[in-house]
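Here are a few notes to read alongside the model. Have it open and follow the points in order.

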Amino acid sequence: MYDIAVIGAGPAGASAALFAAKAGKKTLLIDNDKGMTRRGWYENYYGISEIGGPDLVETGHKQAVKFGAELIAGQAVSISKSGDGFAIETDSGATYEAKHVILATGVLTDLAAKAGVETKDGTEPRIKTVVAVDASGKTNVEGIWAAGTVAGVSVHAVITAGDGAKVAINVISELNGARYVDHDVLKA
C-alpha cells in the first residue's frame with residue numbers, strides 16, 4: 001500500500017509527489033498524459049527563464065522519481081474506500097491502494113465527483129467546476145485531498161506547483177503526527 005497516491009502529474013501533482021517521496025513516503029504518481037501544462041509556453045515560472053510545457057512536465061516527473069516516487073502512465077477511472085485507505089483503478093484494469101489520495105487532475109472533476117467528493121463552481125475564467133477543499137487541501141472525504149486547478153487555485157503553473165507542495169506537506173504532517181518541514185541547505 002502506498003502512503004500517498006497522486007492522480008495527475010502536471011505541476012501540482014508532480015510537486016506533491018516530489019515532496020511526498022522526498023519525505024520518505026511511499027508515493028505513486030499517476031499520469032494520463034493529457035494535462036493542459038503540456039500545451040503551454042512558460043516565461044513566468046520562477047527559477048526558469050523559459051520552458052515549453054512538455055519539458056516542464058518531464059522535469060517534474062524526473063524530480064519526483066529521483067526521490068522515489070513511482071510514476072505510472074494511465075488514467076484513474078475510480079477511487080473507492082478500501083480498508084484503511086483507497087483503491088484506485090486505472091483504465092488498464094490495474095488497482096493501486098493508498099492511505100491518502102491527492103487529486104491534481106487540472107480541469108477534470110468527474111473522478112472526484114464519482115468518489116463522492118463535493119464540487120462547487122469555479123472562479124477562474126473557463127474553469128466551470130472545482131473540488132471543494134479547506135485551506136489545507138482536504139475534501140469532504142477523509143483521506144482525499146485536492147491541489148492545483150482542480151482545487152480552485154489559479155491556473156498558472158507556478159501557483160499550482162506551490163499548491164501541490166502545500167497539500168503534500170499537509171498530508172505528510174498528518175501521516176507523521178507533527179508538522180513537516182523540508183529545508184535543504186547549501187553544502188559547505
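1. Start with residues 2–117: this stretch of the predicted model is 27% helix and 35% strand. Its end C-alpha atoms sit 21 Å apart. UniProt, in an unreviewed entry, marks residues 2–117 as "domain: FAD/NAD(P)-binding", so treat that label as the record's, since such annotations may be inferred rather than shown by experiment.

2. Now look at how helix α1 (residues 11–22) meets helix α4 (residues 157–176). Their axes come within 7 Å and cross at roughly 35°, and the crossing is right-handed.

3. Which residues make that contact? From α1 you'll find Pro11, Ala12, Ser15, Ala16, Phe19 and Ala20. On the α4 side they are Ala157, Thr160, Ala161, Gly164, Ala165, Ala168, Ile169 and Ile172. Sorted by class, the contact has 11 nonpolar residues, 3 polar ones and no charged ones.

4. The spacing of those positions is worth a glance. An α-helix has 3.6 residues a turn, so residues three or four places apart point the same way.

5. Zoom in on Ser15, which lies in α1. Is Ser15 buried or exposed? It counts as buried because its relative accessible area is 12%, and the cut-off is under 20%. Leaving aside residues up to four places away in sequence, Ser15 touches Gly10, Ala161, Gly164 and Ala165.

6. Finally, α4 itself: it has 20 residues and reaches 28 Å from first C-alpha to last. That is close to the 28 Å expected at 1.5 Å a residue.

Terms used. Residues numbered from 1 in each chain as written. Predicted model: local features only at pLDDT ≥ 70, side-chain atom pairs only at ≥ 80, totals over all residues. Heavy atoms only, no water. Axes fitted to C-alpha atoms, helices over the stretch in contact; angles between N-to-C directions. Helix = DSSP H or I, 4+ residues; strand = E, 2+ residues; numbered from the N terminus. Left-handed = near helix turned anticlockwise from the far one by under 90°. Contact = heavy atoms within 4.5 Å. Nonpolar A, V, L, I, M, F, W, Y, C, P; charged D, E, K, R; others polar. Expected span 1.5 Å × (residues − 1). Buried < 20%, exposed > 50% of the residue type's maximum accessible area, 1.4 Å probe, protein only.
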